[in-house]
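Please read these points with the structure open beside you.

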Amino acid sequence: MRRALIIDDDMLQIMTTRALLESIGFDTICEASNGSEAEDIIKALPPMDLILLDLHMPDYDGIEFLDFLSAATCCTPIIIATAAADCVSRSAAIIAEARGMRLLGILNKPITKKKLVSLWLGREYHEAVAS
C-alpha cells in the first residue's frame, strides 16, 4: 500500500496529480490546499511514502511547510511540483537538501506521468543500490 500527500491550492492540479499517482500504484492519497492543512494530516496519520509539494499557496506556503517538515524530522521523500520560477524552485530545493530532507526532485507544472515515474523509480533504484 502506497500513501501520498498532495499539497496544492489548485483543485484541478490536485485531481490531475491524484489520477497520475493512482496510475502508478498509489492507493491512499491525501490532499491539502495549504501547508497548515498538510501539517494537520502529517500529525494525524501514519507516515506517507511521498509528498508532492507546491510552493505558492495562500496563508502557509511550501517553503513554510518545508520548515515544519525539517523541525518534525520527517523523512518522507518530497517532490516539489510547481509553476514557480526556476530560481524559486531551486532555492526551495537547496533549503530542503541543506536540512537533510529526501528531495527526489522538482517537477514543473503541468506534471506528466513520465516525469513523475522517472523521479519515483529513481528513488527505488537509489534505495536498492544503497541496500
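**Notes on the sheet and its surroundings**

1. In S4, Ile78 is the bridge partner of Ile51. This comes from a predicted model, as does everything below.

2. The bridge belongs to a pairing of two strands: S3, residues 50-53, and S4, residues 78-82. S3 and S4 run in the parallel sense and are joined over three bridges.

3. What is the order of the strands in the sheet? The order is S2-S1-S3-S4-S5, five strands in an open sheet with parallel pairing. Strand S2 (26-32) and strand S5 (103-108) each have a single partner strand, so they stand at the edges and one side of each is left without a neighbour in the sheet. From one strand to the next, the twist averages 20°.

4. Is Gly35 buried or exposed? Gly35 counts as buried because its relative accessibility is 0%, and the cut-off for buried is under 20%.

5. Which residues does Gly35 touch, once its neighbours within four places in sequence are left aside? Gly35 is in contact with Ile7, Met57, Tyr60 and Phe65.

6. Gly35 and Ile95 are 60 residues apart along the chain, and their C-alpha atoms are separated by 16 Å.

Definitions and conventions. Residues are numbered from 1 along each chain as its sequence is written. This is a predicted model: local features need pLDDT of at least 70, side-chain atom pairs count only at pLDDT 80 or more; totals for chains, interfaces and linings use all residues. Side-chain values use heavy atoms; hydrogens and water are left out. Two strands pair if DSSP finds at least two bridges between them. Helices (H or I, at least four residues) and strands (E, at least two) are DSSP runs, numbered from the N terminus. Axes are lines fitted to C-alpha atoms, for helices over the stretch in contact, and angles run from 0 to 180 degrees between N-to-C directions. Buried means under 20% relative accessible area, exposed over 50%, partly exposed in between (1.4 Å probe, protein chains only). Contact means heavy atoms within 4.5 Å.
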